[in-house]
Amino acid sequence: KSKVQGFITHSCVFVPVKDKKLLEVKLGELPSWILMRDFSPSGILGAFQRGYYRYYNKYINVRKGSISGITMVLACYVLFNYCISYKHLKHERLRKYH
């Protein structure tokens, strides 16, 4: 029997571009990866559901929970509302009160 020594790297395994996660896609493969996504209403709904369940299981449904999960939702809510009202806030900033 011969012993196999060394490491098996992920570079020797071929993974199709469609099956890769966004962080695993190289910059040259990004346009083809985006075009392979499902942009139908059911595909977009499925992406939101996967994101929600991933967030829920990572931050909310844990044994030793903390305030970090709720804080992230609150921070996103504040940032979203700021982006929505930025045009009005920009106009108010340039107005002189005197």
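Accessible areas come from the Shrake-Rupley method with a 1.4 Å probe, and for residues only the protein chains shown count as cover. By that method the protein exposes about 9,900 Å², of which carbon and sulfur atoms supply 65%. The model is predicted: local features need pLDDT of at least 70, side-chain atom pairs count only at pLDDT 80 or more, and totals for chains, interfaces and linings use all residues. Residues are numbered from 1 along each chain as its sequence is written, and side-chain values use heavy atoms, with hydrogens and water left out.

Begin with the whole chain in a cartoon view. The protein holds 4 helices and 0 strands; helices (H or I, at least four residues) and strands (E, at least two) are DSSP runs, numbered from the N terminus. Of its 98 residues, 6% count as buried, where buried means under 20% relative accessible area, exposed over 50% and partly exposed in between (1.4 Å probe, protein chains only).

Next, select residues 68-84, which form helix 3. Helix 3 is hardly covered, with 1 buried residue among its 17.

Now select the cysteines C76 and C83. C76 is exposed at a relative accessible area of 52%, and C83 is likewise exposed at 52%. With a disulfide defined as a pair of cysteine sulfur atoms within 2.5 Å, the count comes to 0 disulfides.

Finally, select L22, W33, R37, A47 and R50. Of the 16 residues lining the largest pocket, these lie nearest its centre. A pocket is an open set of points on a 1 Å grid over the protein atoms alone, where a 1.4 Å probe fits, with protein on both sides within 12 Å along at least five of seven lines; lining residues have an atom within 4 Å of a point. Helix 2 (residues 41-60) gives the largest share of the lining, 6 residues.

Methods: Expected span 1.5 Å × (residues − 1).
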